[in-house]
Amino acid sequence: MSLIETKALTKTYGRIQAVRSLDLHIEKGEIFGLLGPNGAGKTTTIGMLCTIIRPTSGSASIAGYDIIKNPADVRRHVGIVFQDPTLDTVLTGHENLELHARLYGVPAAHRENRIREMLQLVDLTDRRNDLTRTYSGGMRRRLELARGLLHRPAALFLDEPTLGLDPQTRERIWDYIKKMAQKEQTTVVLTTHYMEEAERVCDRVGIIDHGQIIALNAPDNLKESMGGDLVIIRAKEPPVQKIKALPYVTEVKLDENTIEITMKDAHLHLAELLSIISDVECVEIRVPTLSDVFIRLTGRDIREDSAEDSGSWIDSVARYRPEGELKR
Ligand SMILES: Nc1ncnc2c1ncn2[C@@H]1O[C@H](COP(=O)(O)OP(=O)(O)OP(=O)(O)O)[C@@H](O)[C@H]1O
Ligand SMILES: [Mg+2]
């Protein structure tokens, strides 16, 4: 039996189908990412699994406990870090953790040890007696992660744990999440808009759109399903049919003067490909990312400014100009 199981889990709000018939199996110790655009149903899914939101139909269990029949047991086995901050800012870091430990019935004999251990894990020991009002955004998030793990939950739910943080802090938060999951053998279910980060952290990701999982696999497998490298060429009137007929080309998309070609082993076939296209202005080659997978599946970008998130588009590409040489 999987640690988290959902069967046709569904939530509707009037006419809005927030989550549609979700079937998920998430294993113990796994880091599972739920990726999707605004309004896809990520927070609703997490809310149902944590027993905060009542499903309209379907069922789910965590560590064998049914979310509808045994909500109290489910709550004891889950930790949650909400999308919006929930720390008590008039309490110190230590007090926030102590309050949580008492609420969750962590035995008095273990309480202090456990708090010390968690503060250490997120590097906040030095700041434990300061009011969290004086913490930076990244420090608050770290304390929330520590709080989510304090009662040793079997599953930790993180809803956008890094939203709004700068790239360096995001990087550190992901490191903490990985470290914690490993050390505590906790199953982590997280949501994020940052595709490239999810790619590095998650064992598997489920891409969710309009309340439905539209793809689910290990990040590498999802990227492989794209069918090869992406070659983007700007040229006047590229011969689309001829390009499509090449045996190593798996997909061709034309948008005005820009043609996007998915092909196997671009580095081997590039010269031949270019020989049939005249007036090439510029060529870019890259290995697909999860963002590309998302665009292929939904026809949309996960967020308008994803170019900034994926690292500069240009940074990660091999750039070729006809008169020059191939450079990485
Ligand atoms: N309490 C509610 N009442 C009515 N509609 C709701 C409610 N909560 C969520 N919804 C709707 O359900 C859908 C899914 O919302 P949800 O918050 O789960 O999305 P999300 O994937 O978490 O989005 P985001 O990335 O913006 O956090 C949206 O269309 C939203 O408007
Ligand atoms: Mg949300």
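Q: What is pLDDT, and what mean does the protein have?
A: pLDDT is the predictor's confidence in each residue, on a scale from 0 to 100. In this predicted model the mean pLDDT of the protein is 88, and 92% of its residues reach 70 or more. Over residues 304-328, however, the pLDDT is below 50, and this stretch has 38 contacts (heavy atoms within 4.5 Å) beyond near neighbours in sequence. As the model is predicted, local features need pLDDT of at least 70 and side-chain atom pairs count only at pLDDT 80 or more, whereas totals for chains, interfaces and linings use all residues. Residues are numbered from 1 along each chain as its sequence is written, chains are lettered from A and ligands numbered from 1 in the order in which they are written, and side-chain values use heavy atoms, with hydrogens and water left out.

Q: Which residues coordinate the magnesium ion (ligand 2)?
A: Donors are N, O and S atoms within 2.8 Å of the metal (3.2 Å for Na, K and Ca), and since water is not among the atoms, sites may look incomplete. Here Thr-43, through OG1, and Gln-83, through OE1, coordinate the magnesium ion at 1.9 to 2.3 Å.

Q: How many bridges join strand E11 to E14?
A: Two strands pair if DSSP finds at least two bridges between them. Strand E11 (residues 229-235) runs antiparallel to E14 and is joined to it by 6 bridges, with Val-283 in E14 as the bridge partner of Ile-233.

Q: How large is the area buried between domain 1 and domain 2?
A: The size of an interface is often given as the accessible area lost when the parts come together; buried area is that loss, with a 1.4 Å probe, summed over both parts. Domain bounds come from an automatic or database domain assignment, which gives domain 1 (4-218) and domain 2 (226-320). About 1200 Å² is buried between domain 1 and domain 2, with carbon and sulfur atoms giving 66%.

Methods:
Helix = DSSP H or I, 4+ residues; strand = E, 2+ residues; numbered from the N terminus. Buried area = accessible area lost by both parts, 1.4 Å probe.
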